[in-house]
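Please consider the chain shown below.

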Amino acid sequence: GLVFTRYLQRKRISVAKKYLKGDVLDIGCGSASEDITRLLNSEQKYVGIDLNLDAKREERLSKIHQNHRFYSLNLECENIPTNDKFDTILMLAFIEHLKDPSNMLKQCYNLLKENGKMIITTPTPFGNKVHSLLSIFGLTCKSAVEHHVHIYSYKVIKDLLQDFGFSICQYKTFELGANQIICAEKRTKGE
């Protein structure tokens, strides 16, 4: 299942790549932080956040890049220890693991620059069914599917983001409709 899981991770990154601008906050960065940081130049700040960071690897990455910082946090209840504002907030295959994303989305709103973009990938309801099926055959990681707490339809994620001050500016599905990428920005007053 790892090969397929790795493939999905690379696919998500290739889909998100064109949105990587300026300073990047990567929420739920996991082991993808290396793939993402490779795409940044030395001027770009990078902050990676995950529940269980591999301390040795993060330390190595922070040494290579002066501009990179990592925090091990539970964003359902903890706050991101930075006052920096970001051009891009990434959330690749993360939001579906949270019981309650409101604390995180509140912070994202405050940490996103006025013209910044928040990029979310998350399985579609159809994709989650496919995923569960594949995990039965051992093609994907069973535990990953079991940890999906919320599966978002377009309407549900649109309403959720709207509640926290965002509007969707670009949306598309990939992997034959199994996954979706949402590009959101701060709603202008009056929208």
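The model is predicted. Its chain holds 7 helices and 7 strands, which, read from the N terminus, follow the order α-β-α-β-α-β-β-α-β-α-α-α-β-β. The chain has a radius of gyration of 16 Å; because a compact globule with 191 residues would have a value near 16 Å, the two agree. Along the principal axes, the C-alpha atoms fill a box of roughly 45 × 45 × 30 Å.

Of the 191 residues, 48% are buried. The accessible surface amounts to about 9,900 Å², and carbon and sulfur atoms account for 55% of this area. When contacts between residues at least 6 apart in sequence are considered, 62% of them join residues at least 24 apart. As for charge, the chain carries 27 positive and 22 negative charges, whose mean positions lie 4 Å apart.

Is Ile13 buried or exposed? Its relative accessible area is 8%, under the 20% cut-off, and therefore Ile13 is buried. Beyond its neighbours within four places in sequence, Ile13 is in contact with Ala32, Asp35, Ile36, Leu39 and Leu92. Val24 is 11 residues from Ile13 along the chain, and the C-alpha atoms of the two are separated by 14 Å.

Side chains of opposite charge can pair when their charged atoms come close. The count of salt bridges comes to 7. Among them, Asp35 and Arg38 meet with an N to O distance of 3.4 Å. Asp35 counts as buried at 13% relative accessibility, whereas Arg38, at 61%, counts as exposed.

A second salt bridge joins Asp84 and Arg69 at 3.2 Å, N to O. This pair links distant parts of the chain, 15 residues apart: Arg69 is in strand 3 (68-72), and Asp84 is in the loop between strand 3 and strand 4 (86-92). Both partners are partly exposed, Asp84 at 23% relative accessibility and Arg69 at 29%.

A further salt bridge is formed by Lys186 and Glu114, with their closest N and O atoms 3.5 Å apart. Lys186 lies in strand 7 (residues 179-186) and Glu114 in strand 5 (residues 112-123), so this pair ties together parts that are 72 residues apart in sequence. Here Lys186 counts as buried at 9% relative accessibility, while Glu114 counts as exposed at 65%.

Notes:
Residues are numbered from 1 along each chain as its sequence is written. This is a predicted model: local features need pLDDT of at least 70, side-chain atom pairs count only at pLDDT 80 or more; totals for chains, interfaces and linings use all residues. Side-chain values use heavy atoms; hydrogens and water are left out. Helices (H or I, at least four residues) and strands (E, at least two) are DSSP runs, numbered from the N terminus. The radius of gyration is taken over C-alpha atoms; the globule rule is 2.2 Å times the number of residues to the power 0.38. Buried means under 20% relative accessible area, exposed over 50%, partly exposed in between (1.4 Å probe, protein chains only). Contact means heavy atoms within 4.5 Å. Accessible areas come from the Shrake-Rupley method with a 1.4 Å probe; for residues, only the protein chains shown count as cover. Lys and Arg count as positive and Asp and Glu as negative; His and the chain ends are not counted. The place of a charge is taken as NZ of Lys, CZ of Arg, CG of Asp or CD of Glu. A salt bridge is a side-chain nitrogen of Lys or Arg within 4 Å of a carboxyl oxygen of Asp or Glu.
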